[in-house]
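Okay, thanks for coming, everyone.

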Amino acid sequence: MKNVVITGSSRGIGFELVNLFSQNNYNVIALSRNVSSITKLNLNNVSTFSTDLSDADSINNAVEFIKNNFSTVDVLINNAGKLENIPFSQSTFETFESVYKVNVFGLAELTRQLLPVINARGHVVN
């Protein structure tokens, strides 16, 4: 079986991808700040790990969990994202900084740390 890691997996596209890969006999690690929706599915080949991609320690812990469970990663799907749904005129530097911490820096750091275990023929999807 192949191994896939999916970020932003608690709802929407990420949640559906967890189901799809699980049904197609992949081992899945689902990363999200809130993993309860996936845990409730009780899928045999799916593990969850609560991860905040805006926090370096949380990313480090997720990478350790992944490496302890998978010797290689065949597919990494960076689906996590943050949106601040406010008028531009009400946004601040901190607003943009918090969005970039997840959408750019967090996903880049997770990918960078997983490169040593990504299968030579593996795929990263952003």
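Lys 2 is partly exposed, with a relative accessible area of 45%; buried here means under 20%, exposed means over 50%, and partly exposed is in between, using a 1.4 Å probe and protein chains only. You'll find Lys 2 in the segment before strand 1 (3-7). So what does Lys 2 contact, leaving aside its neighbours within four places in sequence? The answer is Asn 25, Tyr 26, Asn 27 and Asp 74, with contact meaning heavy atoms within 4.5 Å. As for Leu 114, that residue is 112 residues away from Lys 2 along the chain, and their C-alpha atoms are separated by 16 Å.

Quick word on ground rules. This is a predicted model, where local features need pLDDT of at least 70 and side-chain atom pairs count only at pLDDT 80 or more, while totals for chains, interfaces and linings use all residues. Residues are numbered from 1 along each chain as its sequence is written, and side-chain values use heavy atoms, with hydrogens and water left out.

Now the rings. The structure holds four aromatic pairs; a pair means Phe, Tyr or Trp rings (for Trp, its six-membered ring) with centres within 6.5 Å, and planes under 30 degrees apart are stacked, over 60 edge-to-face, the rest tilted. One of them is Phe 21 with Tyr 26, edge-to-face, at 4.7 Å centre to centre and 85° between the planes. Phe 21 counts as buried, at 14% relative accessibility. Then there's Phe 88 with Phe 96: their centres are 6.0 Å apart and their planes sit at 70°, so that pair is edge-to-face. Phe 88 is exposed at 66% relative accessible area, and Phe 96 is partly exposed at 40%.

Let's zoom out. The protein has four helices and five strands, and along the sequence they run β-α-β-α-β-α-β-α-β. Those are DSSP runs, numbered from the N terminus: helices are H or I with at least four residues, strands are E with at least two. The C-alpha trace spans about 50 × 30 × 25 Å along its principal axes.

How much of the protein is buried? Buried residues make up 40% of the 126. And for contacts between residues at least 6 apart in sequence, 56% join residues at least 24 apart.

That's my tour; over to you.
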